[in-house]
Amino acid sequence: MKAVGYRQSLPIEAADALIDFETAKGEPSGHDIRVAVKAISANPVDYKVRKRAAPPAGETKILGFDAAGIVDAVGPEVSLFKPGDEVFYAGSILRQGTNCEFHLVDARIVGKKPSTLSFAQAAALPLTSITAWELLFDRLGAVPGKSHDARTLLITGGAGGVGSILIQLARRLTGLTVVATATRPESQKWCRELGAHAVIDHGQPMREQIEALKLPPVGLVASLTYTDQHYKAVAEFMAPQGRFGLIDDPPEFNVAVFKGKAISIHWESMFTRSSFKTPDMIAQHHLLNDVADLIDKGVLRTTLGDHFGTINATNLKRAHALLESGKSRGKIVLEGW
């Protein structure tokens, strides 16, 4: 089968940073299903793994986590899906990725594809939907279905992949006031279209902008990017006993700035359940099914930002380069072979 991978950790400009190659199609066992991959999307975790984790000598690492496709075969312990089912999912960081024609994945972290979306539109959603959902409800403790919540949720980096779905979840499913941050005018417009009550510029002092809005106190913060650059300023205007959640890897992060206000710190990693085979691992299956239902009911929309053509090394290198620049909006999707 066709696949895209890498053999060395190289700058994306290097000719062999990503390569097209052929490899054997795996056979599903246990809880695994084999999916004929129709579309994928690229995420920052792809280029971070590529840059930091060189595969063993002589091996080729396949990147990619998001995928949408059709179940091709199932393992003996699978009861959730059958061949022919259309699915979408985000895979495991411990296994080969989705940048291949046929992919093996544990059925317990797979959901039914939204019926109203194309494969490309669906592939934009899994990883960021899981991350946003777990961050908002499991880590920050927001209450779904509540008609009014007297707090503001601040989302830093609202125009990125996670921010694009988090804005929607918070606005449509909670009573929180939602404020996103973005610098470029087109990114600010994107955040408003997704449902943010207000958008501020994180390139400018945020405290003054927040105070000028005269909104409910900032009790929840979802820090999605450049946490090291913003967390000290955010701590100054957060409400006492608030919750600060983050998903990135800040090179510097001193939790002491939150101590005086008894603000709790919450890390989100959507790979935790699949990496440690947690007892509630199947929660991601149910979560993705809920997202699919909300999509099909018109409550949520796809966060597809750019379509980069067919799945190959050349187009994936373009996707990695844009992600590394920090200027992507929504999700970058590739489709077909």
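User: Which strand gives the largest share of the lining of the second largest pocket?
Analyst: This is a predicted model: local features need pLDDT of at least 70, side-chain atom pairs count only at pLDDT 80 or more, and totals for chains, interfaces and linings use all residues. Residues are numbered from 1 along each chain as its sequence is written, and side-chain values use heavy atoms, without hydrogens and water. Among the lining residues are Phe102, His103 and Leu104. The largest share, three residues, comes from strand S7 (residues 102-106).

User: What is the volume of the second largest pocket?
Analyst: A pocket is an open set of 1 Å grid points where a 1.4 Å probe fits, with protein on both sides within 12 Å along at least five of seven lines; lining residues have an atom within 4 Å of a point. The lining here includes Met1, Thr23, Ile62, Arg95 and Cys100. It divides into six nonpolar, five polar and one charged. The volume, the space filled by probe spheres set on the points, is about 160 Å³.

User: Which element gives the largest share of the lining of the largest pocket?
Analyst: This pocket holds about 1400 Å³ of space. Of its 49 lining residues, Pro44, Lys48, Leu224, Thr225 and Asp248 are the closest to its centre. H1, H3, helix H4 (161-173), H7 and H10 each give two or more residues. The largest share is six residues, and it comes from H1.

User: How many residues of the lining of the largest pocket are charged?
Analyst: Asp, Glu, Lys and Arg count as charged; Ala, Val, Leu, Ile, Met, Phe, Trp, Tyr, Cys and Pro as nonpolar; the others, Gly among them, as polar. The lining has 19 nonpolar and 20 polar residues. The number that are charged is 10.

User: Which elements do the buried residues of H1 pack against?
Analyst: Helix H1 spans residues 44-52. Val45, Asp46, Tyr47, Val49 and Arg50 are buried there (under 20% relative accessible area, 1.4 Å probe). These buried residues pack against strand S1 (2-6), strand S3 (32-42), H3 and helix H10 (313-325).

User: Which strands are at the edges of the six-stranded sheet?
Analyst: The order is S11-S10-S9-S12-S13-S14, and the sheet is open with parallel pairing. Two strands pair if DSSP finds at least two bridges between them. Strand S13 (residues 238-246) and S14 have four bridges, with Arg243 partnered by Ser264. The edge strands, each pairing on one side only, are S11 (198-200) and S14 (264-267).

User: At about what angle does helix H7 run to S13?
Analyst: Helix H3 (residues 126-139) lies across S9, S12, S13 and S14, at about 145 degrees to S13. Helix H7 (residues 227-237) packs on the sheet too, touching S9, S12 and S13, where contact means heavy atoms within 4.5 Å. Angles run from 0 to 180 degrees between N-to-C directions of lines fitted to C-alpha atoms. For H7 against S13 the value is about 160 degrees.

User: Which residue stands opposite Tyr6 in S4?
Analyst: Three strands form an open antiparallel sheet in the order S2-S1-S4. Strands S2 (19-22) and S4 (61-62) are its edges. S1 and S4 pair over two bridges. Opposite Tyr6 stands Lys61.

User: What is the bridge partner of Tyr89 in S8?
Analyst: Strand S5 (residues 66-74) and strand S6 (residues 86-89) run antiparallel, joined by four bridges. There, Tyr89 partners Ala67. Three bridges also join S6 to strand S8 (residues 110-112), again antiparallel. In S8, the partner of Tyr89 is Val110.

Terms used:
Buried means under 20% relative accessible area, exposed over 50%, partly exposed in between (1.4 Å probe, protein chains only).
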